[in-house]
Amino acid sequence: MPPLAYRPSVLAWQVFRGSDAIRHGLLSPHQLRSSAWVRLRRDVYADSRLDRDHRLACQGVSLRMPGGTVLAGPSAAYLHGVEHAAGFADDVHVLAPWATSVRTQRGLRVHTTLSPRRAGDAVASGRLGRRLTPGAVVDGPPKPGATVDGPPTPGAMVGGPPTPPDQLSPSDAPTFRAADMSPWSQPAVAAWETGAWLDPVRAVGIVDSLLAGGLTDLGALAEVAERFADRPGGRRACRVFDLADPGAQSPPESHLRVRLVLGGLPRPVTQHPVRLPSNLVLRPDLALLTTSDPLVEGRGSHQTTPMRVAPDGRPEWTLIRL
């Protein structure tokens with residue numbers, strides 16, 4: 001017979017260690033197997049009513065991470081509001097202390113920091129320090145003894161306390177913190193980590209969204225690329241930054257633009273104005289400007305026969321809807 005769904009109020013809407021719940025007499029091993037809970041990782045459970053998204057995956061990982069671990073790369077980008085950066089089933093990327101015993105496993109991708117002797121080199125300044133705009137919310141745990149009747153109410157993000165330079169993670173200086181998970185990289189550094197670790201097509205889509213959302217800017221990316229140029233993945237990250245464009249308006253648009261460039265075509269221009277004979281100005285997602293018969297790509301339903309657009313005094317354009 002399946003176990004009955006029993007939720008103690010202190011565990012409602014929470015992520016917790018199963019062993020802790022059993023030790024404190026809140027649940028039995030049999031009750032942990034009920035439909036009230038979802039198992040996220042070994043010994044990590046969550047209220048089954050919580051959204052199955054990457055934030056929940058990050059919360060589950062955080063419960064088993066040692067001190068000094070930072071959520072990084074696409075996981076940090078997700079926590080800053082780039083929802084397509086990662087999903088519930090995707091690996092959680094973390095940057096762990098260089099001497100940690102944590103290793104990559106199913107659902108967890110571990111990257112190690114530099115040794116403490118070199119950690120001080122990672123301290124960022126200038127533009128990187130100014131772009132600290134929280135992009136996620138904190139769902140605080142309920143107060144002791146409180147009864148929780150619904151999901152937590154989102155609160156304000158809080159920045160972590162200053163860290164001495166000799167203790168900073170090489171991921172970069174300031175990080176963001178929430179009450180229920182490890183801190184995560186700030187946007188410019190999350191963009192660098194994403195570019196260094198992921199394939200270029202996916203990475204550019206994430207970096208484009210960070211730029212378009214105002215979470216970072218090209219100047220901050222240039223600074224972090226220069227600062228981390230000699231680190232593993234530095235060249236890959238610089239290539240991704242070169243391909244990034246703050247004018248992109250959707251991940252599919254970013255992916256198509258990168259594939260065109262990697263395929264040897266000229267770099268498309270985003271939102272290029274095309275004036276029609278009626279003086280109507282179109283701004284297609286992508287435009288190839290250096291061909292004798294320019295191409296523009298517009299958002300809309302798929303169209304197998306390209307349209308011809310001939311602005312006065314300009315070459316004809318071929319409009320392709322994807």
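Colleague: Which residue does D43 meet in a salt bridge?
Modeller: The model is predicted: local features need pLDDT of at least 70 and side-chain atom pairs pLDDT 80 or more, while totals for chains, interfaces and linings use all residues. Numbering starts from 1 along each chain as its sequence is written, and side-chain values use heavy atoms, with hydrogens and water left out. A salt bridge is a side-chain nitrogen of Lys or Arg within 4 Å of a carboxyl oxygen of Asp or Glu. For D43 the N to O distance is 2.9 Å, and the partner is R17.

Colleague: How many residues apart in sequence are the parts tied together by D43 and R17?
Modeller: Helices (H or I, at least four residues) and strands (E, at least two) are DSSP runs, numbered from the N terminus. D43 is in the loop between β2 (37-41) and β3 (44-47). R17 is in strand β1, so the pair joins parts whose separation in sequence is 26 residues.

Colleague: Is D43 buried or exposed?
Modeller: Buried means under 20% relative accessible area, exposed over 50%, and partly exposed in between, with a 1.4 Å probe and protein chains only. R17, at 25%, is therefore partly exposed. D43 has 19% relative accessibility, so it counts as buried.

Colleague: What is the phi of D43 near?
Modeller: Most residues other than glycine have a negative phi. D43 is not glycine, yet its phi is positive, near 70 degrees.

Colleague: Which residues are linked in a network of salt bridges?
Modeller: The count of salt bridges comes to seven. One of them joins R49 to D47, with the closest N and O atoms 2.7 Å apart. D47 is buried because its relative accessible area is 0%, whereas R49, at 36%, is therefore partly exposed. The network consists of R7, D47 and R49.

Colleague: With which residue does D91 form a salt bridge?
Modeller: The closest N and O atoms of this pair are 3.0 Å apart, and the partner of D91 is R109. D91 is in the loop between α4 (73-79) and β5 (92-96), and its partner is in strand β6 (residues 108-112), so the pair ties together parts 18 residues apart in sequence. D91 is partly exposed at 23% relative accessible area. At 36%, partly exposed is also the term for R109.

Colleague: Which side chain of opposite charge is nearest to D245?
Modeller: Lys and Arg count as positive and Asp and Glu as negative, while His and the chain ends are not counted. D245 is in the loop between α10 (234-243) and α11 (251-262). It is buried yet has no salt bridge. At 4.3 Å, the nearest side chain of opposite charge is R267.

Colleague: Which residues is D245 in contact with, leaving aside its neighbours within four places in sequence?
Modeller: Contact means heavy atoms within 4.5 Å. With those neighbours set aside, the residues touching D245 are D208, L211, R257, R267 and T270.

Colleague: At what angle do helix α7 and helix α8 pack?
Modeller: Axes are lines fitted to C-alpha atoms, for helices over the stretch in contact, and angles run from 0 to 180 degrees between N-to-C directions. Under 35 degrees counts as roughly parallel, over 145 as roughly antiparallel, 65 to 115 as roughly perpendicular and the rest as oblique. The two helices are therefore roughly antiparallel to each other. Their axes are 9 Å apart, and the angle is about 170 degrees.

Colleague: Which residues of α8 make the contact with α7?
Modeller: From α7 come P187, A191, T194 and G195, and from α8 come A203, I206, V207 and L210.
The contact residues divide into six nonpolar, two polar and no charged. Here Ala, Val, Leu, Ile, Met, Phe, Trp, Tyr, Cys and Pro are nonpolar, Asp, Glu, Lys and Arg are charged, and the others, Gly among them, are polar.

Colleague: Which helices are included in what covers the buried residues of α10?
Modeller: The buried residues of α10 are G234, A237, V240, F241 and L243. Their cover includes α7, α8, α9 (218-227) and α11.

Colleague: What percentage of the residues of the protein chain count as buried?
Modeller: The protein chain has eleven helices and 16 strands. Out of its 322 residues, the buried share is 46%.
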